[in-house]
Amino acid sequence: MQQAVAARTPVHLWIVGILSLLWNCIGAVDYVMSRTRNTDYLKSMMPDVDPQAMLAYIDGFPIWASFGWALGVWLGLAGSVLLLMRSRHAVWAFGLSLVGAILGLGYQLMNPMPDIEGFMATGMPTAIIAIAAALFLYARTQAAKGVLR
């Protein structure tokens, strides 16, 4: 009599899944606080920049950059949940999240907010895109290995 042996979930999947979930929760909080125009939150994130100037900058995004921002945030969060569920759909979620990050953050890289310089102007958007790419590649690799079903 044969019994189906369930493959154990690799420990690294739990580590990456939980860290990515925490990372994407930060993005979700930032998105909600920015979109609900929470000036106290914006001031706490960048004390040297006027929150009203930040909101005016965000309001000036073209629709495709705003759509990209939302796509990157919410599908990144969904990808993290799907990764923890070992779903192969995490690959698509992270892939679309990467496309959204490139759209939204690419716009910010090409049109930086005037009052922001240094790491926050170029380093942070680049790091976010790199992390989105790494999560997509990780999920794709795990799906190819049969870890995600």
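For the tour below, Ala, Val, Leu, Ile, Met, Phe, Trp, Tyr, Cys and Pro count as nonpolar, Asp, Glu, Lys and Arg as charged, and the others, Gly among them, as polar. The model is predicted: local features need pLDDT of at least 70, side-chain atom pairs count only at pLDDT 80 or more, and totals for chains, interfaces and linings use all residues. Residues are numbered from 1 along each chain as its sequence is written, and side-chain values use heavy atoms, with hydrogens and water left out.

**The largest pocket**

Select Asp30, Trp69, Leu105, Gln108 and Ile128, which are the closest to the centre of the largest pocket among its 37 lining residues. A pocket here is an open set of points on a 1 Å grid over the protein atoms alone, where a 1.4 Å probe fits, with protein on both sides within 12 Å along at least five of seven lines; lining residues have an atom within 4 Å of a point. Its volume is about 990 Å³, taken as the space filled by probe spheres set on the points. The lining comprises 26 nonpolar residues, ten polar and one charged. Next, colour helix H5 (89–110), which supplies the largest share of the lining, seven residues. Helices are DSSP runs (H or I, at least four residues), numbered from the N terminus.

**Trp69 and the cores**

Centre the view on Trp69. Which residues does Trp69 touch, not counting those up to four places away in sequence? They are Asp30, Tyr31, Ser34, Arg35, Ile58, Phe61, Gly100 and Gly104, contact meaning heavy atoms within 4.5 Å.

Trp69 is also one of the residues with the most contacts inside the largest nonpolar core, which has 20 residues; Val49, Met54, Phe61, Met113 and Ile116 are likewise among them. Such a core is a set of buried Ala, Val, Leu, Ile, Met, Phe, Trp, Tyr and Cys residues joined through side-chain atoms within 4.5 Å. Buried means under 20% relative accessible area, exposed over 50%, and partly exposed in between (1.4 Å probe, protein chains only).

**The salt bridge**

Now select Asp59 and Arg37, whose closest N and O atoms lie 3.0 Å apart in a salt bridge (a side-chain nitrogen of Lys or Arg within 4 Å of a carboxyl oxygen of Asp or Glu). Asp59 belongs to helix H3 and Arg37 to the loop between H1 and H2, 22 residues apart. Asp59 is partly exposed at 46% relative accessible area, and Arg37 is partly exposed at 42%.

**Helix H6**

Finally, select Ala133 in helix H6 (residues 123–144). Ala133 is partly exposed, with 24% relative accessibility. Its C-alpha atom is 18 Å from that of Leu148, 15 residues apart along the chain.

Methods. Helices (H or I, at least four residues) and strands (E, at least two) are DSSP runs, numbered from the N terminus.
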